[in-house]
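Trainee: Could we go through this model together? I would like to begin with how its strands pair.

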Amino acid sequence: MYQNYHTDEQFNFQINRFIEPFYENETVQADVYAAAKHITDVKSWISVWMALGQKAENAKQYALSSAYYQLADFFVGEDDPIKEQTYSLFKSNYYQSIDKSQIEFDQIPDQNGKIPVAIIRQVGATNTLVFHGGFDSYLEELIRLVLTHCIGALKSYNFVLFEGPGQGMSLKSGLPMTYQWELPVKAVLDYYNIEEADLMGMSLGGYLSMRAAAFEPRIKKVIAFDVYYSMMDSLTMKLPDKAVNAVHKINNPVIAALVNRKIMAATQNDVDMAFKIQKGNEVMHTKKPSNLIKAISKFTMAGIEDKITQDVLLLAGDHDMYVPSKAVDDVAKSLINAQSVTTHLFDQASGGERHCQVGNKQIAFDKIIHFLA
């Protein structure tokens with residue numbers, strides 16, 4: 001179940017997200033709680049997790065060391081000199097922790113960059129699930145979830161996992177994120193001659209997958225893990241009304257300049273805001289908060305709801321720090337042409353109340369497996 005490692009909400013969520021596989025390991029839990037006490041800012045965050053990563057790597061606990069290194073990497077900007085080190089350590093340790101022989105790795109040319117792909121096949125499987133992340137996920141996170149929760153439980157499925165524009169190595173190859181997610185999905189389906197598939201998007205991928213389904217008829221079932229109506233919700237849901245009104249008037253140059261000043265001042269003492277702005281500028285290839293806001297305003301289901309005709313699964317938690325819980329009902333009601341709509345809003349008693357059910361991933365995958373099977 002979700003742990004209270006740190007008083008900062010953003011720090012605490014990310015610790016839970018990557019340490020979740022080790023909830024039952026008392027030694028790891030003791031180490032993490034002790035380490036979290038030394039985290040006061042991003043600089044201390046990086047040093048704490050790098051130290052634990054090295055310790056675990058020396059002990060050849062590669063799954064654990066990769067989790068620690070991924071934590072260290074999380075808040076490191078793409079232009080930071082240590083990014084190459086943190087990212088490389090995370091990946092190299094992760095792949096030492098699994099059997100790679102069952103995974104096919106590939107790259108799809110896309111515009112001036114590349115889309116990394118991992119394919120996991122099962123003997124006799126005839127169905128395909130295409131799975132992608134969202135705002136900040138790496139391919140390795142998707143692989144871990146499939147290996148942990150899907151293999152065996154979905155025996156009729158092969159899995160095609162990818163990092164699209166703005167994500168992981170695709171971002172590093174030069175591709176900024178696009179709200180037109182049907183484009184990378186089409187590229188994947190075309191490249192592998194997939195005539196029919198189901199699609200799942202995680203986190204912001206909840207929007208991205210719905211967008212792709214609206215324009216890609218080869219998608220038969222679509223899963224929003226979790227539901228995400230508008231990317232703007234993540235920026236505005238905790239802001240006062242006055243600030244929200246300003247954000248919605250961002251095309252006014254005077255207001256844009258004011259918003260830039262206010263947001264940059266807020267990032268000095270707000271880890272969550274600093275992360276959203278830094279990461280947002282990286283994935284969107286923008287420079288200022290005002291330009292970022294203009295970019296993310298395009299990431300919305302508004303106007304495409306009636307184009308979604310598939311069977312739809314919407315997952316949500318009632319304590320989501322990025323998405324208002326009412327979004328699940330709003331989206332469900334808007335899907336007037338969907339073949340079917342299934343919703344699950346997880347509460348605190350279930351342990352799935354957080355974003356993407358961090359704290360109890362299995363409860364989400366139980367619903368996903370039932371929906372697909």
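Mentor: Strand β3 (residues 127–132) and strand β5 (residues 197–202) run parallel and are joined by four bridges. Helices (H or I, at least four residues) and strands (E, at least two) are DSSP runs, numbered from the N terminus, and two strands pair if DSSP finds at least two bridges between them.

Trainee: Which residue in β5 is the bridge partner of Val-130?

Mentor: The partner is Leu-199. Please note that this is a predicted model, in which local features need pLDDT of at least 70 and side-chain atom pairs count only at pLDDT 80 or more, while totals for chains, interfaces and linings use all residues. Residues are numbered from 1 along each chain as its sequence is written, and side-chain values use heavy atoms, with hydrogens and water left out.

Trainee: What is the order of the strands in the sheet?

Mentor: The sheet is open, with eight strands in the order β1-β2-β4-β3-β5-β6-β7-β8 and mixed pairing. At its edges stand β1 (103–110) and β8 (340–346), each with a single partner strand, so one side of each has no neighbour in the sheet.

Trainee: And which strand does β8 pair with?

Mentor: Seven bridges join β8 to strand β7 (residues 311–317), and the two run parallel. Within this pair, Ala-316 has Leu-345 of β8 as its bridge partner.

Trainee: Changing topic: how many salt bridges are there?

Mentor: The count comes to 14, a salt bridge being a side-chain nitrogen of Lys or Arg within 4 Å of a carboxyl oxygen of Asp or Glu. One of them pairs Arg-17 with Asp-136, whose closest N and O atoms are 2.7 Å apart. Arg-17 lies in helix α1 (residues 9–19) and Asp-136 in the loop between β3 and α6 (139–149), so the pair ties together parts that are 119 residues apart in sequence.

Trainee: Is Arg-17 buried or exposed?

Mentor: Arg-17 counts as buried, because its relative accessibility is 7%. Buried means under 20% relative accessible area, exposed over 50%, and partly exposed in between (1.4 Å probe, protein chains only). Asp-136, at 15%, also counts as buried.

Trainee: What about Lys-91 and Glu-140?

Mentor: Their side chains meet in a salt bridge (3.6 Å, N to O). Lys-91 lies in helix α5 and Glu-140 in helix α6, so this pair ties together parts 49 residues apart in sequence. Lys-91 is partly exposed at 22% relative accessibility, whereas Glu-140 is buried at 2%.

Trainee: Which residues are linked in a network of salt bridges?

Mentor: Lys-186, Asp-190, Glu-216 and Arg-218 are linked in that way.
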